[in-house]
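Trainee: I have a model open on my screen and would like to go through it with you. Please start wherever you like.

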Amino acid sequence: MSTAPYPIGSPGRPWGEAEVTAWRSRQTRKRSYAADVLSAIERLRARFDVVQYGLLDYPPDTYPLFALASRDWRDGLPVALVTGGVHGYETSGVHGALQFVERHAAGYAGRINLLVAPCVSPWAYERIHRWNMNAIDPNRSFREPSPAEESAALMRLVAPLRDRVLVHVDLHETTDSDETEFRPALAARDGNPFEPGHTPDGFYVVGDTENPQLDFQQAVIAAVAKVTHIAPPDADGKIIGSPVVAPGVIHYALRQLGLCGGITRARYVTTTEVYPDSPRATPAQCSDAQVAAVTAALDYALAHP
């Protein structure tokens, strides 16, 4: 891992517009939102309602934001929210959400209403980055007023349903690039020194400090353990600096931190974290792990309403 100074900005001084512009100039398109995501949504249009909930204007490009909803939506049923790609570089979150809809969503028809936003941050998806075009992390921006249009658009979509959401699964990854690029960039952007951390090898979940629901979190872990390995704690009994409260489970203050998992009043909320850089995991396993997490979360919520 490199400890060289980040190539943009001056140590100890937060970025201004010039530094953000310099950072943006280094970002290049590496994959296609239209080919990977919009085409999959189009294929699913025959079986699900497709809702456009926003349009990102990032010159010279625009990005329509879409969610998939149960076609047999019933107002008397609870709602399950699945979100992916809040951080665009976290590939299995996007593809896992789409895979869940394509292969498993029909099994929940008439039992729970599904609302799936598979790629919240398409500009970042194309550039395999954590931030949006303005060097803002959408997953620290779920608050009013939001500095990130990606976050604001999703909050507008979910607002009428906040009190009806029973379960919310937010699909993420923890990657080696967190330590080599994204955390160093964050430190530079904010004018802070970079303090190296540890990337856990395996899957884990993040529950809400204010509403931990440990049995629910453990049900998700048990299902995913059949697909891929669970991250062990470090020597201090922690994962990414947070105490492990059960195998593969840590807690964050979701609302206080402006995280996507805090946008509803759902009884059951979990943020998944897959480790795609592990020599013990394949891309297919990572997506399968996300799907296993979603189905386990929905099954538990339906069994414990």
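Trainee: How does the lining of the largest cavity divide by class into nonpolar, polar and charged residues?
Mentor: The lining of the largest cavity holds seven nonpolar residues, one polar residue and no charged residues, where Ala, Val, Leu, Ile, Met, Phe, Trp, Tyr, Cys and Pro count as nonpolar, Asp, Glu, Lys and Arg as charged, and the others, including Gly, as polar. Keep in mind that this is a predicted model, in which local features need pLDDT of at least 70 and side-chain atom pairs count only at pLDDT 80 or more, while totals for chains, interfaces and linings use all residues. Residues are numbered from 1 along each chain as its sequence is written, and side-chain values use heavy atoms, with hydrogens and water left out.

Trainee: Which residues line that largest cavity, and what is its volume?
Mentor: The lining consists of Phe48, Leu68, Ala69, Ser70, Val101, Ala105, Leu114 and Val116, and the volume is about 30 Å³. On a 1 Å grid over the protein atoms alone, a cavity is a set of points where a 1.4 Å probe fits but cannot get out, and lining residues have an atom within 4 Å of a point. Grid points are joined across faces, edges and corners, and the volume is the space filled by probe spheres set on them. The structure holds one cavity of 30 Å³ or more.

Trainee: Which strands each supply at least two residues of that lining?
Mentor: Those are S2 and S4, strands being DSSP E runs of at least two residues and helices H or I runs of at least four, numbered from the N terminus.

Trainee: Changing topic, what order do the strands take in the sheet?
Mentor: Eight strands form an open sheet with mixed pairing, in the order S1-S2-S4-S3-S5-S10-S6-S9, and two strands pair if DSSP finds at least two bridges between them. S1 (49-58) and S9 (249-252) are the edge strands, each pairing on one side only. From one strand to the next the twist averages 20°, with axes being lines fitted to C-alpha atoms, for helices over the stretch in contact, and angles running from 0 to 180 degrees between N-to-C directions.

Trainee: How do S1 and S2 run, and how many bridges join them?
Mentor: S1 and S2 (61-69) run antiparallel and are joined by nine bridges, forming a hairpin with two residues between them. Valine 50 stands opposite leucine 68 in S2, and tyrosine 58 has aspartate 61 in S2 as its bridge partner. Proline 60 sits in the loop between S1 and S2, and the peptide bond from proline 59 to proline 60 is cis, with omega near 5°.

Trainee: What does lysine 30 touch?
Mentor: Leaving aside residues up to four places away in sequence, lysine 30 touches Glu126, Arg127 and Ile128, a contact being heavy atoms within 4.5 Å. Lysine 30 lies in the loop between H1 (17-25) and H2, and its C-alpha atom is 8.7 Å from that of tyrosine 125, which is 95 residues away along the chain.

Trainee: Which strands does helix H2 lie across?
Mentor: H2 (33-44) lies across S1 and S2, at about 35° to S2, whereas H3 (91-103) lies across S2, S3, S4, S5 and S10, running at about 135° to S5.

Trainee: And the largest pocket, what volume does it have?
Mentor: Its volume is about 790 Å³, a pocket being an open set of points with protein on both sides within 12 Å along at least five of seven lines. The largest pocket is lined by 36 residues, with Arg130, Arg140, Arg183, Ile240 and Tyr252 nearest its centre. Strand S5 (165-173), helix H6 (177-190), strand S6 (204-208) and strand S10 (268-274) are the elements that give two or more residues to this lining, and the largest share, eight residues, comes from H6. By class, the pocket lining has 13 nonpolar, 10 polar and 13 charged residues.
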